[in-house]
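Biologist: Hi! Could you walk me through this model?
Modeller: Happy to, here it is.

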Amino acid sequence: MTTVDLRSDTVTRPTDAMRRAMSQAVVGDDVFGDDPTVQELENEVAGLLGAEAALFVPSGTMANQIAMGLAARPGTEVLLDEGAHILNYEGGAPAALWGITLLTATGDRGMLRPEHVTDAIRPPNVHFTPLVAVAVENTHNRAGGSVWPADRLKAVCATARDAGLHVHLDGARLWNASAATGVSLEELASGADTVSVCFSKGLGAPVGGALASTRERIDQARFLRKRLGGGMRQVGILAAGALHGLRQHRERLPEDHRRATRLGETLARFPGVEVLPVETNIVIADTAGCGLGQEEIVASLAAEGILVVGFGPTRFRMVTHLDVDDEGIDRASQALDRVFGGRS
Ligand SMILES: Cc1ncc(COP(=O)(O)O)c(C=O)c1O
């Protein structure tokens, strides 16, 4: 039985064309600044995001953490939504690596409001941790791939910047946000001081992310990347995969969104299952009311060849991507029907 792997959009395997592009990449030692394919990728990403420069890094986590290292010094505070990836899924890195305190706010489906920023700003006082940055996430993973309306993103970024705060945008799935809204990547990135993106999610590359910002900050980021052990040598092989994904797989993202919508509609029909609004390629279902435990759901679907992940005590997540076609969605829908159908 072939499996339909909906655990994450990171599970894709490079296509034949991507592998060919990788095998033919012109490479050099990137720590010496000699890898032309890496430079091509960095220039292309910077151009797309309207930034002066970008830096190729091994992962989205490293991109986010370098941004944290640029934005804050030990003993300062960064404001973010309580569901943020930086807080929930990066191994405590802000504290462990940089001595940063995270201040959380409860956003609306992962999205802060300008008041969250103004409320977090406190007058200088010997008791208070200085707030130095705000981090936002678009699309927001834990909130179910929610997409910030461009105006709201601008308003939050502007409020933070007017107060002298650094704004970091975790744009691991900014490609999806742009595809879903039709708003350009450059516009979505325009309010932020640093922007991270990933190539190994919707774009289907095996490895990599990037951080974009001013040239001065990216020079500092290069230093922090080396300090973290992220300086890589003939890494044009990986950059070529990322470039291929960027050029060939961005336009097809609406297909993933359409398939996720289908899955969401299927799930929403079952009594006791609450589906978070599906806006991009992530579907999160809360099954607290359906009488099945989360582990049981994950195991029952796995037995049908459908892989999903538990996402908190009563939730599970499914993510569509390059390696799931309409037939896979049919199979997943039938399996969901067998697991949830007829329950009340
Ligand atoms: C919103 C968001 N940011 C950052 C990351 C980190 O990416 P990586 O797994 O490449 O470190 C992820 C990964 O899923 C993510 O969903």
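Modeller: One term before we start: a polar contact is a pair of N or O atoms within 3.5 Å; within protein, one must be able to donate a hydrogen and the other to accept it, and residues adjacent in sequence count only if both atoms are side-chain atoms. This is a predicted model, where local features need pLDDT of at least 70 and side-chain atom pairs count only at pLDDT 80 or more, while totals for chains, interfaces and linings use all residues. Residues are numbered from 1 along each chain as its sequence is written, and side-chain values use heavy atoms, with hydrogens and water left out.

Biologist: Thanks. What does the side chain of His 321 have a polar atom 2.6 Å from?
Modeller: The backbone oxygen of Asp 5. His 321 sits in the loop between β13 (315-319) and α14 (326-340); helices (H or I, at least four residues) and strands (E, at least two) are DSSP runs numbered from the N terminus.

Biologist: Is His 321 buried or exposed?
Modeller: Buried, because its relative accessibility is 1%. The cut-offs are under 20% relative accessible area for buried, over 50% for exposed and partly exposed in between, with a 1.4 Å probe and protein chains only.

Biologist: And which residues does His 321 touch, not counting residues up to four places away in sequence?
Modeller: Asp 5, Ser 8, Asp 9, Val 11, Thr 12, Arg 252 and Asp 256. Contact here means heavy atoms within 4.5 Å.

Biologist: On to the ligand. How many residues surround it?
Modeller: There are 13, and the closest are Gly 60, Thr 61, Asp 170, Arg 173 and Lys 201. A residue is near the molecule if one of its heavy atoms lies within 4 Å of it.

Biologist: Which helix gives the most to that shell?
Modeller: Helix α3 (residues 60-71), with three residues. The shell as a whole divides into two nonpolar, six polar and five charged residues. In that scheme Ala, Val, Leu, Ile, Met, Phe, Trp, Tyr, Cys and Pro count as nonpolar, Asp, Glu, Lys and Arg as charged, and the others, Gly among them, as polar.

Biologist: Where do the ligand's oxygen atoms find partners?
Modeller: A polar side-chain atom of Lys 201 is 2.8 Å from a ligand oxygen. The side chain of Asn 141 has an N or O atom 2.9 Å from an oxygen of the ligand, and for Gly 60 a backbone N or O atom lies 2.9 Å from a ligand oxygen. Taken alone, the ligand exposes 390 Å², and the protein buries 84% of that; these areas come from the Shrake-Rupley method with a 1.4 Å probe.

Biologist: Nice. Now helix α8: which of its residues are buried?
Modeller: In α8 (residues 174-181), Leu 174, Trp 175, Asn 176, Ala 177 and Ser 178 are buried. Their cover includes α2 (36-49), β6 (166-171), α9 (185-189), β7 (194-198), α11 (236-248) and α12 (253-268). After α8 comes Gly 182, with a positive phi near 80 degrees.

Biologist: What does the side chain of Asn 176 make a polar contact with?
Modeller: The side chain of His 257, at 3.1 Å. His 257 belongs to helix α12 and counts as buried because its relative accessibility is 8%. Beyond its neighbours within four places in sequence, His 257 is in contact with Asn 176, Ala 179, Ala 180, Glu 279, Thr 280, Asn 281 and Thr 320.

Biologist: Which residues touch the most other members in the largest nonpolar core?
Modeller: Of its 52 residues, Leu 41, Val 45, Leu 49, Phe 56 and Phe 199 do. Another core lies apart from it, with 25 residues including Phe 270, Val 273, Ile 297 and Phe 316. A nonpolar core is a set of buried Ala, Val, Leu, Ile, Met, Phe, Trp, Tyr and Cys residues joined through side-chain atoms within 4.5 Å.
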